[in-house]
Amino acid sequence: MIAAIPRTLSVNNWHTANRQHLGHTISQIHRLLETHTGGEPESAVATANSPESNYHGQPFALELLARCFELTEFEQNILLLCAGMELDGRWPQLCQTASSHAYPTFGLALNLFSNSNWEALTPSAALRRHKLLEVGGGNALVTSPLRIDERVLHYLTGVQYLDQRLQMLVCPVQPSSELVPSHGRLVETIEHTWTRHNTVLPGVQLIGMDGNSLRIIAAAACSRLGLELQELSVKALPTDWQQLKNLQQLCEREYRLSRMALLLNCEELGVESTERQDAAATFIDTIQLPLIIASQERRRQRQRTLVSLDVNFPTPQEQRQLWHKGLGERAKTWQPAINALVSQFNLSSSAIHTVCLQSQTDSPTPLWNLCRTQARPRLDELAQRIETRATWDTLVLPEKEYNSLQEISAHVAQRARVYEAWGFGDSSGRGLGISALFSGASGTGKTTAAEVIAEELNLDLYRVDLSAVVSKYIGETEKNLRRIFDAAEGGGVILLFDEADALFGKRSDVSDSKDRYANMEVSYLLQRMESYRGLAILTTNLKNSMDQAFLRRLRFVVQFPFPDFKQRTKIWRKIFPTNTPTENLVYERLAKLSIAGGNIRNIALNAAFIAANADEPVRMEHLLQAAKREYLKLERPLTDTEVKGWA
């Protein structure tokens with residue numbers, strides 16, 4: 001149950017009255033020390049429950065502290081004995097006279113107070129378990145010096161602040177006004193979950209790709225419950241068990257003193273060490289305070305009950321409302337542009353707010369690229385973004401393949417109209433993704449074709465190396481793919497999965513359990529491609545190695561043929577930029593080289609460097625020299641028929 005601790009003490013005069021009350025109770029301890037040597041301590045026993053224990057119904061700090069930690073009168077008196085050491089300069093001499101030690105000790109407290117109890121000295125009792133005081137080094141427990149914790153001392157004087165040891169590890173999370181209705185329902189769920197429990201609060205696990213949305217929901221829920229939310233990164237958790245226990249005790253004490261709730265950021269826990277994961281699991285299971293876990297993946301429940309809530313991006317209608325709120329009067333005339341943004345980009349409320357702040361023009365055109373920028377950060381860590389400059393004129397393909405690529409582009413451009421306005425996406429989310437397979441030999445233009453489509457649609461293109469994604473550990477490949485698709489959903493970017501041969505194989509070729517798991521990985525990839533809101537492209541050099549059942553699940557299959565003589569001539573005519581000086585180039589002779597477009601580009605580029613170094617325009621002899629080097633790399637002989645008449 002959440003402790004009913006006042007967050008603020010609003011009566012200004014309370015602070016003065018609290019200091020007077022603290023001074024009065026310490027003066028009672030002072031008189032008791034003075035009379036202790038006289039042998040009659042009973043007549044002057046100090047009690048915290050004095051007649052003046054509150055100010056106009058507002059309890060004083062000592063009473064609040066006693067309630068929070070369920071302190072006995074003897075334990076309160078020990079704290080007052082230690083507080084006097086900090087607040088009264090006469091205390092060392094008094095202690096020296098009373099116990100032969102110039103500081104408070106458990107032995108002095110046992111002899112001084114008639115309501116003494118040995119159990120209060122144990123590590124499991126409130127004073128030491130909650131770190132209300134510190135026990136110094138000594139030869140015996142009863143003669144070791146005692147010191148009140150600084151945070152507790154200031155609390156008794158009426159000063160509230162976050163413990164300095166926690167200030168270095170946590171940061172406050174403030175409530176935001178950017179709470180959309182679908183996220184507001186999650187806030188209500190958290191509030192209901194915590195208010196109906198009277199014992200140990202269950203942990204709340206918020207699962208989603210947008211960390212800022214998780215923070216907004218967590219902060220809103222805590223604000224409704226009168227809690228101060230602090231964020232702690234899982235990377236800040238110590239792996240040493242004693243240090244972890246100390247951190248846990250400090251957090252639990254701060255919950256009681258200032259109603260602190262904790263947001264444990266586990267968004268990057270998946271890449272942490274086993275020791276860090278064990279520390280996080282132990283911390284979650286054992287800490288006794290309102291705990292919210294923010295993560296991208298669902299954590300397995302262990303000892304502590306975890307209520308898991310999936311946090312999705314705002315719905316399309318909510319995103320439209322956020323755009324209207326952020327753009328103000330401009331939104332009235334920008335409705336078509338807003339609809340296009342919502343259909344393409346799946347942004348969080350904070351991302352939309354940021355774009356609106358950056359938009360300073362009277363035209364909606366810059367909004368598209370601003371949204372592209374907002375969707376990038378999460379993907380840049382997982383894949384390589386390709387800067388696209390290629391256009392349709394760059395491609396040299398047969399008409400059938402060229403038309404297929406334009407059809408793919410049209411599907412992506414008209415997706416929102418067909419799925420949303422025309423209702424094809426209402427019945428099911430399956431099969432709505434636009435997936436394609438580009439097959440062909442290396443250098444035939446597969447990546448260039450993806451660049452052309454991305455440039456045409458004004459979308460980001462990310463290349464994912466599947467050979468790096470595939471893991472030998474069972475389940476890791478699916479986890480890597482899930483991170484990529486989840487991150488890409490925000491911007492509807494074009495995903496280019498290069499070297500798909502690393503994952504695909506004939507499903508019938510199953511010889512052991514690893515082959516069966518490989519088929520599961522392929523099925524997961526195709527499943528995510530079918531539901532992905534953007535365009536996902538696979539490339540392969542070996543189409544025949546793929547199972548036909550998998551091919552049927554792809555919407556487009558485009559074969560990139562090896563260029564014939566006519567196509568190679570066209571490629572050579574386009575390969576040199578307009579600023580490149582050339583002289584006496586015979587493209588028909590160059591086209592006799594039986595190579596793909598990628599190799600042609602390599603030869604042209606190398607020839608340009610050779611010519612530039614010689615301070616000459618690019619000529620056939622430069623291309624001949626570059627061609628010889630390219631053929632050496634390909635481990636192929638350069639025949640006289642191919643280069644006859646070049647130089």
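A crossing of two helices is called right-handed if the near helix is turned clockwise from the far one by less than a right angle, and left-handed if the turn is anticlockwise. In this model, which is predicted, the crossing of α18 and α20 is right-handed, and so described is the crossing of α11 and α12. The points below begin with these two helix pairs.

**Packing of α18 and α20**

- Helix α18 spans residues 399-413, and its axis comes within 10 Å of that of α20, the two crossing at roughly 40°.
- On the α18 side, the contact is formed by Leu405, Ile408, Ser409, Val412 and Ala413.
- These residues meet Ala449, Ile453, Glu456 and Leu457 of α20.
- Sorted by class, the contact of α18 with α20 has seven nonpolar residues, one polar residue and one charged residue.

**Packing of α11 and α12**

- Helix α11, residues 241-258, packs against α12 at an angle of about 35°, and the axes are 11 Å apart.
- From α11, the residues in contact are Trp241, Leu244, Leu247, Gln248, Cys251 and Glu252.
- Their counterparts in α12 are Asp278, Ala279, Thr282, Phe283 and Thr286.
- The contact of α11 with α12 divides into six nonpolar, three polar and two charged residues.

**The six-stranded sheet**

- Six strands form an open sheet with mixed pairing, in the order β5-β7-β8-β9-β6-β10.
- Strands β5 (170-172) and β10 (306-310) stand at the edges with a single partner strand each, so one side of each has no neighbour in the sheet.
- From one strand to the next, the twist averages 25°.
- Strands β7 (residues 228-233) and β8 (residues 260-265) run parallel and are joined by six bridges.
- Glutamate 231 stands opposite leucine 263, which belongs to β8.

**Helices on the sheet**

- Helix α12, residues 274-286, packs on the sheet and touches β7, β8, β9 and β10. The direction of α12 makes about 155° with that of β8.
- Helix α9, residues 181-195, lies across β6 (203-207), β9 (291-295) and β10. Relative to β10, helix α9 runs at about 170°.

**The largest pocket**

- The largest pocket holds about 1200 Å³ of space.
- The pocket is lined by 37 residues, of which Thr448, Ile575, Gly597, Gly598 and Arg601 are the closest to its centre.
- Helices α20 (446-457), α25 (565-575) and α27 (597-613), together with strand β15 (535-540), each supply at least two lining residues.
- Helix α27 gives the most to this lining, with seven residues.
- By class, the pocket lining has 13 nonpolar, 16 polar and eight charged residues.

**The cavity**

- Across the whole structure, a search finds one cavity of 30 Å³ or more.
- The volume of the largest cavity is about 40 Å³.
- Ala281, Ile284, Asp285, Arg299, Arg300, Arg302 and Leu306 line the largest cavity.
- Helix α12 contributes three residues, the largest share of this lining.
- The class count for the cavity lining is three nonpolar, no polar and four charged residues.

Conventions:
Residues are numbered from 1 along each chain as its sequence is written. This is a predicted model: local features need pLDDT of at least 70, side-chain atom pairs count only at pLDDT 80 or more; totals for chains, interfaces and linings use all residues. Side-chain values use heavy atoms; hydrogens and water are left out. On a 1 Å grid over the protein atoms alone, a cavity is a set of points where a 1.4 Å probe fits but cannot get out, and a pocket is an open set with protein on both sides within 12 Å along at least five of seven lines; lining residues have an atom within 4 Å of a point. Grid points are joined across faces, edges and corners, and a volume is the space filled by probe spheres set on the points. Helices (H or I, at least four residues) and strands (E, at least two) are DSSP runs, numbered from the N terminus. Ala, Val, Leu, Ile, Met, Phe, Trp, Tyr, Cys and Pro count as nonpolar, Asp, Glu, Lys and Arg as charged, and the others, Gly among them, as polar. Axes are lines fitted to C-alpha atoms, for helices over the stretch in contact, and angles run from 0 to 180 degrees between N-to-C directions. Contact means heavy atoms within 4.5 Å. Two strands pair if DSSP finds at least two bridges between them.
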